[in-house]
Amino acid sequence: MEMNLDEQMFWEKWEPLLPLYETLKQRLVETYPDMKIKVSKTQISFYNRHMFAMVSPPARRRKDWPKSFIMVSFGLPYQVDSPRIAMSVEAYPNRWTHHVSVESANDMDEALLGWIDEAYSFSQSKR
């Protein structure tokens, strides 16, 4: 799936992070070829029936976070307990949003892609 103009413009300010986004997008497109992509002001979201994952640049970062990364977020019905999770929030009862900082393509490993796969299934099952 080619990157559209909205995606290109979104990453314009964060151009060094574009290869990370492209790797993530490629992996998601390969796994979920029917997904939809929505570009907003602060994030790019990936949808099936509902949003299951999103990616954002480090516009706001905590002191203990890396200097250069993309933030990959996903929603699950439970809180994941892992040192990989930079932050998690229970946005609604039994709906946790998890944020993982990704510094390199190596960070897009089985654990992260597994959580995203769970998020994809979870979003499909929502009413």
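**Exercise 1.** Find the buried residues of H2 and work out how they are arranged around the helix axis.

*Solution.* Start with the list: Leu18, Leu20, Tyr21, Leu24, Lys25, Leu28 and Val29 are buried in H2. Here, buried means under 20% relative accessible area, exposed over 50%, and partly exposed in between, using a 1.4 Å probe and protein chains only. Next, look down the axis: these residues cover an arc of only 160°, so they sit on the same side of H2. That arc is taken from the directions that run from the helix axis to the C-beta atoms.

A word on the model: it is predicted, so local features need pLDDT of at least 70 and side-chain atom pairs count only at pLDDT 80 or more, while totals for chains, interfaces and linings use all residues. Residues are numbered from 1 along each chain as its sequence is written, and side-chain values use heavy atoms, with hydrogens and water left out.

**Exercise 2.** Check the span of helix H2 (residues 18-31) against what you'd expect.

*Solution.* Helices are DSSP runs of H or I with at least four residues, strands are runs of E with at least two, and both are numbered from the N terminus. The expected span is 1.5 Å times one less than the number of residues. For the 14 residues of H2 that gives 20 Å, and the end C-alpha atoms are 20 Å apart, so the two agree.

**Exercise 3.** Is Val100 buried or exposed, and which residues does Val100 touch?

*Solution.* Now for contacts, meaning heavy atoms within 4.5 Å. Leaving out residues up to four places away in sequence, Val100 touches Ile70, Met71, Val72, Phe74, Arg84, Ile85, Ala86, Leu112 and Trp115.

**Exercise 4.** Locate Phe69 and say how far its C-alpha atom is from that of Val102.

*Solution.* Phe69 lies in the loop between strand S3 (51-56) and strand S4 (70-76). With 1% relative accessibility, Phe69 counts as buried. Phe69 and Val102 are 33 residues apart along the chain, yet their C-alpha atoms are separated by 5.2 Å.

**Exercise 5.** Describe Asn94: where is it, and what is its phi?

*Solution.* Asn94 is in the loop between S5 and S6. At 52% relative accessibility, Asn94 counts as exposed. Its phi is positive, about 60°, although Asn94 is not a glycine.
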